[in-house]
Amino acid sequence: MSENTDPTPFADAPHGDGTPSGAQDAHAHEAAPAPEAEAGTDPRIAELEAEVSAMRDKWMRAEADMQNLRTRTKREVEDARQYAVQKFAKDVVEAAENLKRALASLPKPVEGEDKLLTSMREGIESTERSFMGILERNGIKAEDAKGKPFDANLHQAMSQQHSDEHPVDTVMEAWTPAWTLHGRLLKPAMVVVSKGPAQAG
């Protein structure tokens, strides 16, 4: 009987699936996946993040523009609603001024005056109070300018006169009040403005 003298009797022997162990180890080494790139180092990821940031900025600007548009539109609608009746309001305040002129044209009340005159005066006064209440509830207000500093935004100077009682640029007399509609001038007050004391000599 002969003996096997090969010093490496198992070097070429099948290993598992028949692949030599050395070849299998080399194959496993070659097939090992490469380590993944660290997050954020991929140029494509950085590009996508920049695109997302740009889209977010665009969205925020568009949202801000839309909010501004909504605010402006709401204000314009409110203005149109409040001031659409401006021309009508001017006619109405003319009627209110006529009522006041009618009262001013009547004689001052005296004891024993004719009852018809008393009733007329009381009727006009009652109508004026009611009328002014209606106007104020609808945003129309009258402001008496007498004794106040002259304001070119509210007053129209019809004349100027010297006065020892009124400082310079003070309204001495107001022929009509200043009328406003929701704070906006409808009709300026017709006024007489003080020039201050007359110069001596």
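Trainee: What makes the span of α4 agree with that of a helix?

Mentor: The model is a predicted one, and the comparison rests on its C-alpha positions. At 1.5 Å a residue, the 23 residues of α4 should span 33 Å, and the end C-alpha atoms are 33 Å apart; the two values therefore agree.

Trainee: What is found at the two ends of α4?

Mentor: At its start, a side-chain oxygen of Asp114 comes to within 2.7 Å of the backbone nitrogen of Leu116. The cut-off for a polar contact is 3.5 Å, so this pair qualifies. Just after α4, Gly139 takes a positive phi of about 85°.

Trainee: Which residues of α4 are buried, and against what do they pack?

Mentor: The buried residues are Arg121, Ile124, Glu128, Met132, Gly133 and Leu135. They pack against α3, β1 (140-143) and β4.

Trainee: Why is Glu113 called buried?

Mentor: Its relative accessibility is 16%, and buried means under 20%; Glu113 therefore counts as buried. This residue lies in the loop between α3 and α4. Leaving out residues up to four places away in sequence, Glu113 touches Lys108, Thr118 and Arg121.

Trainee: What makes a group of residues a nonpolar core, and which residues form the largest one?

Mentor: The residues must be buried, of nonpolar type, and joined through side-chain atoms within 4.5 Å. The largest such core has 11 residues: Tyr83, Ala89, Val92, Val93, Ala96, Met132, Leu135, Ile140, Trp179, Leu181 and Leu186. Two or more residues come from each of α3 (86-105), α4 (115-137) and β4 (178-181). The largest share, 4 residues, is that of α3. Apart from this core lies another, of 7 residues, including Leu154, Val171, Ala178 and Val193.

Trainee: Which residues are in contact with Leu181, leaving aside its neighbours within four places in sequence?

Mentor: They are Gln82, Tyr83, Val85, Gln86, Ala89, Asn138, Gly139, Ile140 and Leu186.

Trainee: How do you know that Asp42 caps α2?

Mentor: A side-chain oxygen of Asp42 lies 3.0 Å from the backbone nitrogen of Arg44, at the N-terminal end of α2. Since the cut-off is 3.5 Å, this too is a polar contact. Helix α2 (residues 43-83) has 41 residues and reaches 60 Å from first to last C-alpha, close to the 60 Å expected at 1.5 Å a residue.

Trainee: What lines the largest pocket, and what is its volume?

Mentor: The volume is about 280 Å³. The lining consists of Glu97, Lys100, Arg101, Ala104, Asp144, Lys146, Ala174, Trp175, Thr176 and Pro177. Helix α3 gives the largest share of this lining, 4 residues.

Trainee: What is the overall arrangement of the protein chain?

Mentor: The chain has 4 helices and 6 strands, in the order α-α-α-α-β-β-β-β-β-β along the sequence. Buried residues make up 19% of its 201 residues. Of the contacts between residues at least 6 apart in sequence, 63% join residues at least 24 apart.

Notes. Residues numbered from 1 in each chain as written. Predicted model: local features only at pLDDT ≥ 70, side-chain atom pairs only at ≥ 80, totals over all residues. Heavy atoms only, no water. Buried < 20%, exposed > 50% of the residue type's maximum accessible area, 1.4 Å probe, protein only. Contact = heavy atoms within 4.5 Å. Expected span 1.5 Å × (residues − 1). Polar contact = N/O pair within 3.5 Å; in protein donor to acceptor, adjacent residues only side chain to side chain. 1 Å grid on protein atoms, 1.4 Å probe; cavity = no way out; pocket = protein on both sides within 12 Å on 5 of 7 lines; lining within 4 Å. Points joined across faces, edges and corners; volume = space filled by probe spheres on them.
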